[in-house]
Amino acid sequence: MKFFIDTANLNEIREAQELGILDGVTTNPSLMAKEGISGKNNVYKHYKAICDIVDGDVSAEVIATDFKGMIEEGEELITIDPKIVVKIPMIKDGIKAIKYFSQKGIRTNCTLVFSAGQALLAAKAGATYVSPFIGRLDDISQDGMELIAQIVGIYRNYDYQTEVLAASVRHTMHLISCAEVGADVVTCPLNVITALLNHPLTDSGLAKFLADHKKVNG
Ligand code: G3P
């Protein structure tokens with residue numbers, strides 16, 4: 001399973017990259033706004049800065065919601081860096097845009113996916129990635145993980161090449177369950193990835209090893 005980091009924060013991206021386990025980055029307009037990045041030039045410069053840090057795909061979301069606007073924006077976004085994947089919302093014109101880009105060999109990430117039907121459409125249009133949001137479904141008392149498993153099963157039935165990129169991953173159990181059901185990618189904040197490191201028996205075991213070493217070595 002690939003690990004993407006879901007942030008536009010350069011320090012966090014650097015830290016994840018230095019850990020040696022990072023496969024890519026996803027961003028969205030809310031995450032860019034959180035970093036205070038505004039204006040097209042600054043946004044594009046920021047995407048370039050992210051691409052310079054990470055070895056892997058970087059999803060950059062279009063703001064336009066009409067077919068022509070999404071095509072123009074996507075074609076501009078991919079000039080920033082070969083790592084850019086055009087992130088497109090799950091709407092009617094979005095599906096048309098994904099189809100257009102897939103016919104041109106341009107990679108896409110279909111975002112804001114909340115149902116198996118939407119995921120089927122994204123795959124049929126030729127999306128490179130589909131992004132179902134787990135946490136936001138959990139927020140409204142629907143089982144986000146169930147959706148991931150459902151989409152993975154459907155894609156396997158027909159051998160769709162679209163990768164299931166589980167998004168809105170809020171904690172380690174989301175991430176581990178994604179691995180259990182066979183999601184291709186998870187994207188999450190850095191703290192979810194670093195939380196995987198923790199186990200009290202690791203801490204107490206290491207303390208004991210070091211204490212025993214000290215007893216005989218001083
Ligand atoms: O990748 C989508 C993600 O940014 C949404 O996460 O926690 O805002 O639902 P969240």
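Tutor: We can start with pockets, then go to aromatic pairs and salt bridges. This is a predicted model, so local features need pLDDT of at least 70, side-chain atom pairs count only at pLDDT 80 or more, and totals for chains, interfaces and linings use all residues. Residues are numbered from 1 along each chain as its sequence is written, and side-chain values use heavy atoms, with hydrogens and water left out.

Student: What volume does the largest pocket have?

Tutor: The largest pocket has about 360 Å³. A pocket is found on a 1 Å grid over the protein atoms alone, as an open set of points where a 1.4 Å probe fits, with protein on both sides within 12 Å along at least five of seven lines; lining residues have an atom within 4 Å of a point. Points are joined across faces, edges and corners, and the volume is the space filled by probe spheres set on the points.

Student: How many residues line the largest pocket, and which lie nearest its centre?

Tutor: There are 24 lining residues, with D6, N28, L31, R136 and P189 nearest the centre. By class, the lining has 7 nonpolar, 10 polar and 7 charged residues. Here Ala, Val, Leu, Ile, Met, Phe, Trp, Tyr, Cys and Pro count as nonpolar, Asp, Glu, Lys and Arg as charged, and the others, Gly among them, as polar.

Student: Which element gives the largest share of that lining?

Tutor: That is α2, with 3 residues. At least two residues each come from α2 (29-34), β8 (185-188) and α10 (190-195). Helices (H or I, at least four residues) and strands (E, at least two) are DSSP runs numbered from the N terminus.

Student: And what lines the second largest pocket?

Tutor: P29, M32, G39, K40, V43, Y44, Y47, E61, I63, E73 and L77 line the second largest pocket, which holds about 170 Å³ of space. The largest share of this lining, 4 residues, comes from α3.

Student: Switching to rings. How many aromatic pairs are there?

Tutor: The structure holds 6 aromatic pairs. Rings of Phe, Tyr and Trp (its six-membered ring) pair if their centres lie within 6.5 Å; planes under 30 degrees apart are stacked, over 60 edge-to-face and the rest tilted. One of the pairs is F67 with Y100, edge-to-face at 6.0 Å centre to centre and 90° between the planes. F67 sits in helix α4 and Y100 in helix α5 (residues 92-103), 33 residues apart.

Student: Now charges. How many salt bridges does the count give?

Tutor: The count is 12, a salt bridge being a side-chain nitrogen of Lys or Arg within 4 Å of a carboxyl oxygen of Asp or Glu. One of them joins K2 and E163, with the closest N and O atoms 3.0 Å apart. K2 is in strand β1 (residues 2-6) and E163 in strand β7 (residues 163-166), 161 residues apart.

Student: What about K48 and D81?

Tutor: K48 forms a salt bridge with D81, the closest N and O atoms being 2.7 Å apart. K48 lies in helix α3 and D81 in the loop between α4 and β4 (84-89), so the bridge ties together parts 33 residues apart in sequence. D81 counts as buried at 8% relative accessibility, whereas K48 is partly exposed at 31%. A network of salt bridges links K48, D52 and D81.

Conventions
Buried means under 20% relative accessible area, exposed over 50%, partly exposed in between (1.4 Å probe, protein chains only).
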